Amino acid sequence: MSDFDAIGKQFVEFYYQTFDSNRSGLASLYRDVSMMTWEGSQFRSSENILEKIVSLPFQRVAHKITTIDVQPSLPNVKAAVIVVTGQLLVDEETKPQQYTQMFQLVEDNGYFIYNDVFRLNYA
């Protein structure tokens, strides 16, 4: 397993455990240069991204990860692209929804999320 694989898997585990238990705890992962696209709507800066994440219209969520793919990105910079597929259950739903999420992490005194793209997958 490469260093990027290990970093990616550790990041994904932390991200979804935090998202599922305390969404406001994700604040330290984003910076003012970060950008998130959530179902086609774009948000820039840690403040705007966190506001979106915290205001999502459900109280409980549980992510089940199906796949994680990690690749190094950006020459001369420690950075990685991570693509996650999985299922999520929100509130009292019993039928999971399929999702795909892509992150680009960049190292700057620790890794932060530079890009974050989330989409539900409708069949």
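Predicted model: local features only at pLDDT ≥ 70, side-chain atom pairs only at ≥ 80, totals over all residues.

Start with helix 1, residues 3–21. How far apart are its end C-alpha atoms? They are 27 Å apart. At 1.5 Å a residue, 19 residues should span 27 Å, so the model agrees with expectation.

Now its burial pattern. The buried residues of helix 1 are Gly8, Phe11, Val12, Tyr15, Tyr16, Thr18 and Phe19. Look down the helix axis, and those buried residues fall within an arc of 160 degrees, so they line one face. Turn to the other side of helix 1, and you find Asp3, Gln10, Gln17 and Ser21 exposed.

What does the buried set pack against? Two groups of elements. Among the strands, there are strand 1 at 30–38, strand 3 at 61–72, strand 4, strand 5 at 97–107 and strand 6. There is also helix 2, at 46–54.

Next, the largest pocket. Its volume is about 210 Å³. How many residues line the largest pocket? The lining has 13 residues. Nearest the pocket centre lie Trp38, Phe58, Val90, Gln97 and Leu120. By class, the lining splits into nine nonpolar, two polar and two charged residues. Strand 4, residues 79–90, supplies at least two lining residues. So does strand 6, residues 111–121. Both of those strands also turned up as packing partners for the buried residues of helix 1.

Last part: two single residues.

Ala62 sits in strand 3. Is Ala62 buried or partly exposed? Its relative accessible area is 38%, so Ala62 counts as partly exposed, between the 20% and 50% cut-offs. Leave out neighbours within four places in sequence, and Ala62 is in contact with Asp20, Gln87, Leu88 and Leu89. Take the Asp20 pair. Ala62 and Asp20 are 42 residues apart along the chain, yet their C-alpha atoms are separated by 5.6 Å.

Then Ser45. This one is in the loop between strand 2, residues 41–44, and helix 2. Ser45 has a relative accessible area of 14%, which is under 20%, so it is buried. Which residues does Ser45 touch, not counting those up to four places away in sequence? The answer is Arg31, Asp32 and Ser34.

To recap: helix 1 has its buried residues along one face. The largest pocket has a lining with nine nonpolar residues. Ala62 is partly exposed, and Ser45 is buried. That's it from me.

Technical notes:
Residues numbered from 1 in each chain as written. Heavy atoms only, no water. 1 Å grid on protein atoms, 1.4 Å probe; cavity = no way out; pocket = protein on both sides within 12 Å on 5 of 7 lines; lining within 4 Å. Points joined across faces, edges and corners; volume = space filled by probe spheres on them. Helix = DSSP H or I, 4+ residues; strand = E, 2+ residues; numbered from the N terminus. Nonpolar A, V, L, I, M, F, W, Y, C, P; charged D, E, K, R; others polar. Expected span 1.5 Å × (residues − 1). Buried < 20%, exposed > 50% of the residue type's maximum accessible area, 1.4 Å probe, protein only. Arc of directions from axis to C-beta. Contact = heavy atoms within 4.5 Å.
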